[in-house]
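User: I would like to go through this model step by step. Please keep the answers plain.

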Amino acid sequence: MVTLAEVAQHAGVSASTVSYVLSGKRSISATTRQRVERSIRELGYHPNAGARALASSRSNIIALMIPLRTDTYVPVMMEIAIAVATTARTHGYDVLLLTGEEGPDAVRRVAGSGLADGMILMDVELDDERLPLLRETDQPAVLIGLPADTTGLTCVDLHFKATGALCAEHLAKLGHRDVAVVGEAPAVYERHTGFAERTLDGLRTRGRELGLRLLHRPCEGGYDAMAVTLARILDERPGTTGFVVQNESAVEPLLALLRQQGRAVPEDVSVVAICPEQDAVQASVRLTAVAIPAQEMGRHAVEHLVAKLDGRGGDEVVLIAPELTVRASSGPAPAQP
């Protein structure tokens, strides 16, 4: 193991100067800083995490809370987590991943133990039970998600209400009037998860303004569940020509079931999805979709948290504007007989 003293000797400076370069506690000339940083790189020096934490009263760790439930679409969560971890490393932080459904206990454990310098919370509900405790602590935190009340919080999210409105506008412009929304699993709505509720609000609000007849049906996902959901939709609204799908595991089953019924996409039925870009382009029919900007969300969350840790950031809400990409799954509504 290379020591700090060896770095100092290699750079021709004192050990305290190396320490100041690492901590940033004192101003060091650019020439000296570059010499020290070059020695660190050449020798492969890594500061001892325990000693660094004692010296700075920081752990240089960010806690990322992702409650992984059976109705969670793990690929999106993991893409956000990877973006958080990658961005955190560029700022000198490691990430502690907490995946249990602990609720306020997880916040209390992190805030009271010094495990991490700050927290990023995901899977945010409109009335999230973690938030009262979070507001009471001095622990810097950022939410990836939007609760009903954002007072005293920093939040980063896709603008899901605008996303829903954008999907409604696209189908209405193509002449569709009966539109079915295939939603997340029922438990997601029972928990009042923010992204699902806000998307539905945007669809309904803009749909009413545009004269759409919307039917929303939650779906567990998978072929069997989608078959039951589709049968129910077509029984209630046989004239349905447009689908908005906010459930990644239901997309491919829906396309397969429509093919089996002889309903061509997009000639007979249009499908618009809210999903990761990769899912949209790799589907059996390339999907018109609003992409989930997972990497951007993760990056923004870390940057805002680091700003808070450095005393530069205040509370704010950052909503990423949705972008709808038109592909092969949407087209003009079929002419009525």
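User: Which residue in strand 8 is the bridge partner of Val182?
Analyst: The partner is Val245. Strands here are DSSP runs of E with at least two residues, helices are runs of H or I with at least four, and both are numbered from the N terminus. The model is predicted, so local features need pLDDT of at least 70 and side-chain atom pairs count only at pLDDT 80 or more, while totals for chains, interfaces and linings use all residues. Residues are numbered from 1 along each chain as its sequence is written, and side-chain values use heavy atoms, with hydrogens and water left out.

User: How many bridges join strand 6 to strand 8, and do they run parallel or antiparallel?
Analyst: Four bridges link them, and the two strands run parallel. Two strands count as paired if DSSP finds at least two bridges between them.

User: And how many bridges join strand 8 to strand 9?
Analyst: Strand 8 (residues 242-245) is joined to strand 9 (residues 270-275) by four bridges, and these strands run parallel. Within strand 9, Val271 is the bridge partner of Phe243.

User: What order do the strands have in the sheet?
Analyst: The sheet is open and has six strands in the order 7-6-8-9-10-12, with mixed pairing. Strand 7 (213-218) and strand 12 (324-325) stand at the edges; each has a single partner strand, so one side of each lacks a neighbour in the sheet.

User: Are the residues of strand 8 buried or exposed?
Analyst: Both faces of strand 8 are covered, with Gly242 and Val244 buried on one side and Phe243 and Val245 buried on the other. Buried means under 20% relative accessible area, exposed means over 50%, and partly exposed lies in between, with a 1.4 Å probe and protein chains only. In a regular strand, side chains alternate between the two faces of the sheet.

User: What does Val244 touch?
Analyst: Not counting residues up to four places away in sequence, Val244 touches Cys167, Leu171, Val179, Ala180, Val181, Val182, Leu203, Val272 and Ile274. Contact means heavy atoms within 4.5 Å. Val244 has 1% relative accessibility and therefore counts as buried.

User: Which strands does helix 8 lie across?
Analyst: Helix 8 (residues 160-173) lies across strand 6 (178-183), strand 8, strand 9, strand 10 (288-291) and strand 12, and runs at about 165 degrees to strand 9. Helix 11 (residues 223-236) also packs on the sheet, where strand 6, strand 7 and strand 8 are touched, and its direction makes about 155 degrees with that of strand 7. Axes are lines fitted to C-alpha atoms, for helices over the stretch in contact, and angles between N-to-C directions run from 0 to 180 degrees.

User: At what angle do helix 8 and helix 10 pack?
Analyst: Helix 8 packs on helix 10 (residues 194-210) at about 40 degrees, with the axes 6 Å apart. Helix 8 is therefore oblique to helix 10; angles under 35 degrees count as roughly parallel, over 145 as roughly antiparallel, 65 to 115 as roughly perpendicular, and the rest as oblique. The residues in this contact include Gly164 and Ala168 of helix 8 and Leu203 and Gly207 of helix 10. By class, the contact has eight nonpolar, five polar and five charged residues. Ala, Val, Leu, Ile, Met, Phe, Trp, Tyr, Cys and Pro count as nonpolar, Asp, Glu, Lys and Arg as charged, and the others, Gly among them, as polar.

User: Changing topic, where is Arg69?
Analyst: Arg69 is in the loop between strand 1 (61-65) and helix 5 (74-90). Its relative accessibility is 17%, so Arg69 counts as buried. Leaving aside neighbours within four places in sequence, Arg69 is in contact with Glu101, Asp123, Glu125 and Arg191.

User: At what angle do the axes of helix 1 and helix 3 cross?
Analyst: The axes of helix 1 (residues 4-11) and helix 3 (residues 30-43) cross at roughly 120 degrees and come within 9 Å. Helix 1 is therefore oblique to helix 3. Among the residues making this contact are Val7 and His10 of helix 1 and Val36 and Ile40 of helix 3.

User: Finally, how many helices and strands does the chain have?
Analyst: The chain has 14 helices and twelve strands. Of its 337 residues, 49% count as buried. The C-alpha trace spans about 85 × 40 × 35 Å along its principal axes.
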